Amino acid sequence: MGLLEGIKSALGLKAEADATRDADPEDLFGMSTAYVTMEADLGYEPAGEAALCFSDVDSTDFQDAIAEVRQILAAGEIETGTTAEFVEDAHGYTWVVLEDDDVEDLVTSVHFAADTLVENGYGSRLLAAVFAFRDPEDSTAWDDSDRYVYWVYSFRRGSYYPFAPKPGERERDATAEFKLQSVLDGELDLEDDEAYWYPLWPEDAGHPWE
């Protein structure tokens, strides 16, 4: 399915049918402490990148809401230096890609963007928030210079799950994912049904939003 294999059925239609509750951007703040635990206990360092994924609506009102999101993020860039880029994938989903070395700023920016859509009545369009981490200690074991792992937050399930792709191939590192689950259980609201741990494969090598 290319860029978003799994997200269309998992975080979209299927997750909507099996949704546990309405989208709540407040859950995103769990990452503000979780990243400290990841670095201290597992050695994973923040990659300085995160992204928010949502489905578009062909309406003037929705475009006004997106314009408000752009304004908020532009103001945030002036204040914190967090850059934002809007990217549309081949399936019509939109990603707001954020970059900042300060994780707190990333979390705040993702929250602002998501909360703005919720406040404008478009919380149902939110699919996922993705936070990237890298482990330079393990990079020599792989072909790529950096090994990335991700925490994916599903707005329609109201929970996080880990995604640890092996560099250069469409295989997951199950050991890394279960280790992340074990260490962060209780600190993040984790998805306990592994059937919803859907992979977000990129079109080519790189991050899910690339």
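**Note on the H3–H4 helix contact**

1. In this predicted model, Phe62, Ala65, Ile66, Glu68, Val69, Ile72, Leu73 and Thr80 of helix H3 are in contact (heavy atoms within 4.5 Å) with Asp105, Ser109, Phe112, Ala113, Thr116 and Leu117 of helix H4. The residues of this contact divide into nine nonpolar, three polar and two charged, where Ala, Val, Leu, Ile, Met, Phe, Trp, Tyr, Cys and Pro count as nonpolar, Asp, Glu, Lys and Arg as charged, and the others, Gly among them, as polar.

2. The axes of H3 (residues 60-80) and H4 (residues 103-119) come within 9 Å and cross at roughly 160°, the axes being lines fitted to C-alpha atoms over the stretch in contact, with angles from 0 to 180 degrees between N-to-C directions. The crossing angle therefore makes H3 roughly antiparallel to H4, a term that applies over 145 degrees.

3. From the N terminus on, the elements of the protein chain run α-α-β-α-β-β-α-β-β-β-α, which amounts to five helices and six strands, taken as DSSP runs (H or I, at least four residues, for helices; E, at least two, for strands).

4. Of the 210 residues in the protein chain, 50% are buried, that is, under 20% relative accessible area with a 1.4 Å probe, protein chains only. Among contacts in the protein chain between residues at least 6 apart in sequence, 71% join residues at least 24 apart.

5. Residues are numbered from 1 along each chain as its sequence is written, and side-chain values use heavy atoms, with hydrogens and water left out. Local features need pLDDT of at least 70 and side-chain atom pairs count only at pLDDT 80 or more, whereas totals for chains, interfaces and linings use all residues.

Conventions: Angles under 35 degrees count as roughly parallel, over 145 as roughly antiparallel, 65 to 115 as roughly perpendicular and the rest as oblique.
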